[in-house]
Amino acid sequence: MSHKLSLYENVSQQFSRAADLMELDADVRKILAKPMNEVSVNFPVKLDNGHIEVFTGYRVQHSNVLGPFKGGLRYHPMVNMDEVRALATWMTWKTAIADIPMGGAKGGIQISPHAYSMPELERITRRFTFALGNTIGPDYDIPAPDVNTNAQIMAWLLDTYLSTIPPAERQRSLHVVTGKPIELGGSVGRDKATGQGVVYVIEQWTRDRGLDLGRLSYFVQGYGNVGSWTGRLLKPFGARLLAVEDHTGAITNADGIDADDLHAYVAVTHGVAGYPQASAINHETFLRTQADIFIPAALEGQITADTAPLLNVQTVFEAANGPTDLEGDRILAERGIELLPDILCNSGGVIVSYFEWLQNKRSEAWELDEVDTKLRKRMLGAYQRVRNVQREFGDLDWRTAAYIVALRRLERVYKDRGIFP
Ligand code: NAD
């Protein structure tokens, strides 16, 4: 029986396939095959009941050859070194494809955040930041939100980090974290950026295919930041949202679900279960939804050997990181289902994080239309670079083409700079 690949083994195999095909320089390949730094910290926090609990947190820095390490922090019970390593590596490819001067990193805490009170989450975040110490820094490694983390958590991280550095450096160190609240130096448009980027990619893809987005139907897994923004931003185009699933269950409505109304419902109930304008369905029925597009926007490992045969769509746009494993990829390709990969589709988040970082460094605050215009340009540029490589290799799959775009850029930089000593 074949062993189920870990998330990092998946990334390594995706990398190998592209590296073989493009004949990546053997020395550069050795360097990129491993993350640069891996930090694991165990830190104690006093809970509301007076007892101490020891938490485990991670930060993996894959590469900073293109610029400072950049990547989100995730709070989830499944967080472990292998997962963080995979997510950090994807960040390196993503920033390279988006052509921004940043590297790849990721981190998180192995925790069920819903099991803790807000004051506990604040203390956990502050103590984690303190434990990371100089692992992060405004021009070295810049965290951002990811699953179960948000602007509030970034604000606590910022405040704690600033308290640990000399007072004279504080005002010019706001860019140690992105995805902050606007009043603390966050950027307008960062909250919706990942969903907005997904929508720009879908728009361009429909233009390329001569399709009318207003006549397409889709369904979404995950209705958090990325899933709900994607839904809300697709709504004005008239695309029909047929089903949604999150950690509380799955729902469907053949006439379409109103993305804004569902968002307002989830804001109160914290889940899609029980939404009155739709009917409950099970996981398998959800996956079998007949639609044009499927947008996974929750966690990794959702489209696999078990689930890929169930999908009834033309195209998958990966809004989550790593939702499809290698077997899932292979089965979708066999079934003629096109897939646009995470490292292209969801790069809107890191692009606007980069804009936030730039605004902080320059003491500027851009308007929303400036952020959106610049984001659109970057997303379409990335899309076109991947499309060109796809054509160059004779209709290559989108994922491998995206890898080749990233690896070519990284290879050029290593060749120009050389290796010390
Ligand atoms: P989030 O915490 O805001 O939302 C996560 C969603 O996934 C929630 O709706 C949750 O209910 C759902 N979910 C969790 N477990 C599930 C399960 N077993 N089945 C179905 N749904 C489940 O997180 P987010 O920021 O929206 O991130 C979602 C994905 O997008 C992740 O893969 C993340 O790495 C990726 N991503 C996020 C950003 C960003 O800017 N936030 C950027 C790039 C990529």
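**Helices, cores and domains of a predicted model**

In helix α8, the buried residues are V226, G227, S228, W229, T230, G231, R232, L233 and L234; buried means under 20% relative accessible area, exposed over 50%, and partly exposed in between, with a 1.4 Å probe and protein chains only. Helices (H or I, at least four residues) and strands (E, at least two) are DSSP runs, numbered from the N terminus. The cover over the buried residues of α8 includes α7, β6 (217-221), α9 (259-269) and β10 (293-296); contact here means heavy atoms within 4.5 Å.

The model is predicted: local features need pLDDT of at least 70 and side-chain atom pairs count only at pLDDT 80 or more, while totals for chains, interfaces and linings use all residues. Residues are numbered from 1 along each chain as its sequence is written, and side-chain values use heavy atoms, with hydrogens and water left out.

The domain assignment divides the chain into domain 1 (36-174) and domain 2 (193-345); such bounds come from an automatic or database domain assignment. Between the C-alpha centres of the two domains the distance is 28 Å. At their meeting point, 11 residues of domain 1 are in contact with 7 residues of domain 2.

The interior may be considered next. In soluble globular proteins, nonpolar side chains tend to be buried together. A nonpolar core is a set of buried Ala, Val, Leu, Ile, Met, Phe, Trp, Tyr and Cys residues joined through side-chain atoms within 4.5 Å. The largest such core in this model has 86 residues, and W90, W93, L262, I295, F317 and L407 have the most contacts inside it. Helix α15 (residues 398-417) supplies the largest share of this core, 10 residues. Because domain 1 and domain 2 both give residues to the core, it lies between them. Apart from its neighbours within four places in sequence, L262 is in contact with Y223, V244, I251, I257, V272 and Y275. A second, separate core holds 25 residues, among them F43, Y75, L121 and V177.

Helix α15 also contains T400. With a relative accessibility of 5%, T400 counts as buried. Sequence neighbours within four places aside, T400 is in contact with R17, A18 and L21.

Helix α7 (residues 193-209) meets helix α14 (residues 368-392): their axes come within 10 Å and cross at roughly 50 degrees. This angle makes α7 oblique to α14. Axes are lines fitted to C-alpha atoms, for helices over the stretch in contact, and angles run from 0 to 180 degrees between N-to-C directions. Angles under 35 degrees count as roughly parallel, over 145 as roughly antiparallel, 65 to 115 as roughly perpendicular and the rest as oblique. On the side of α7 the contact includes A193, Q196, Y200 and Q204, and on the side of α14 it includes L375, M379, L380 and Y383.

Q204, in helix α7, illustrates this pairing. Its relative accessibility is 14%, and Q204 therefore counts as buried. Q204 and L380 are 176 residues apart in sequence, but their C-alpha atoms are 7.4 Å apart in space. Not counting residues up to four places away in sequence, Q204 touches L380 and Y383.

M118, by comparison, belongs to helix α4 (residues 118-132). At 53% relative accessibility, M118 counts as exposed.
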